[in-house]
Amino acid sequence: MSNYPPETHEGIVTSWAPIASTFPSSKGCETLFWSVVASTLAAWDPGYGLTVDSNVHCVPPAVTSWWNQDRLGVNSLTRVSLGPITCPVGYSTALADVENQYSTFVACCPPGYTFVAIQSMGNTGQCSSVIPANQVITYAARDASSSWHTFTTSYTTASPAWGIQINGYNIAQVTGTTSTSSSTSSSTSSGTGSPSSSPTPSPSSSLSTGAKAGVGVGVALVAIALGALIVFILARRKSRRNAVALPASELDGAYKPKSGYADQVQVYELGNRTDVGMGELDGREAPVEMQSRTPVDVKPPGH
């Protein structure tokens, strides 16, 4: 039986005090009555050993801490609860109420007492018994100076007596793995005999740090290459636009006969004449000399 760790609920810290099943029953406690409240007799009270006789130990120490925790002073932020709990030897399990799948509330009554109704710690009324008429009993009570003394009395009629209850919780320890998804559970419990396929996890869409660095370097290289290509194309276009064609006057002087020759032939640029036609030689006949539309006079030298 393992101890429960402290837990916090709505700002209140609960400490758990366990009760072992080996705690024995204490003989004579059934006759140790005391009257804390006038006209009320109670037995099996942990306060008896704290106030009247320190040698009396009728209940486990955890029960004393639980029942008398109000004596620690006003404290609304902490409390003591019993658990795990097993009713001590001789006590009866008056109630075992399953509150949910994890928690069970357990109520115990002392030997010879009957369960009436659940009461919180510090309050009598959960477990009752009857003192027969004319039975002589001894009980402890305060005198006028608030000092504790023992008294002997008897009742002419049957009178009630209250036994101090022990209440706590047994909490199931959650073990095992968490349940799978509803789709997997339904396929497993279908009873078809075919193995249920577990859902394939989808790949993560996020990139690692190395992958992100590689992508960044690749993008930078592509941008540099595109920039170099654009510069090259613009430079080539500019060089073509800056190319200077030779003027016609320079072309005309490119070929001129030397002075002194009589057989000077006038040279015309084809692009500047409209009265000169060009004919294509017919390869099927012998080539003939093409006639010029402008006669050329050849004078012998000396004329």
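These are my notes from a look through one predicted model.

**Confidence**

I started with pLDDT, since this is a predicted chain. The mean is 74, and 61% of the residues reach 70 or more. Among the elements, strand S8 (residues 114-115) has the highest mean, 98, while helix H3 (residues 182-188) has the lowest, 38. Over residues 253-265 pLDDT stays under 50, and the model has three contacts beyond four places in sequence for them. Residues 292-298 also stay under 50, with three such contacts. Where pLDDT is low, the predicted coordinates should not be read in detail. I left both stretches there.

**The sheet**

Next I checked the strand order. I get an open sheet of three strands, S6-S7-S13, with antiparallel pairing. S6 (92-98) and S13 (166-171) are the edge strands; each has a single partner, so one side of each has no neighbour in the sheet. From one strand to the next, the twist averages 20 degrees. For the S7 and S13 pair I find six bridges, running antiparallel. One pairing I noted is Val106 with Gly168, its bridge partner in S13.

**Ser103**

Ser103 sits in strand S7 (residues 103-109). Is Ser103 buried or exposed? Its relative accessible area is 11%, which is under the 20% cut-off, so I put it down as buried. Leaving out residues up to four places away in sequence, Ser103 touches Asp97, Val98, Tyr169 and Asn170.

In soluble globular proteins, nonpolar side chains tend to be buried together. I listed the contacts of Ile166 beyond four places in sequence: among them are Ile19, Val63, Trp66, Leu82 and Ile85. Val106, Ala107 and Cys108 are also on the Ile166 list.

**Asn68**

Last stop was a loop. Asn68 lies between helix H2 (61-67) and strand S5 (78-82). Which residues does Asn68 contact, leaving aside neighbours within four places in sequence? I find Pro46, Gly47 and Leu50. The C-alpha atoms of Asn68 and Leu50 are 9.5 Å apart, with the two residues 18 apart along the chain. At 12% relative accessibility Asn68 falls under 20%, so it goes in my buried column.

Key:
Residues numbered from 1 in each chain as written. Predicted model: local features only at pLDDT ≥ 70, side-chain atom pairs only at ≥ 80, totals over all residues. Heavy atoms only, no water. Helix = DSSP H or I, 4+ residues; strand = E, 2+ residues; numbered from the N terminus. Buried < 20%, exposed > 50% of the residue type's maximum accessible area, 1.4 Å probe, protein only. Contact = heavy atoms within 4.5 Å. pLDDT = per-residue confidence, 0-100. Pairing = 2+ DSSP bridges. Axes fitted to C-alpha atoms, helices over the stretch in contact; angles between N-to-C directions.
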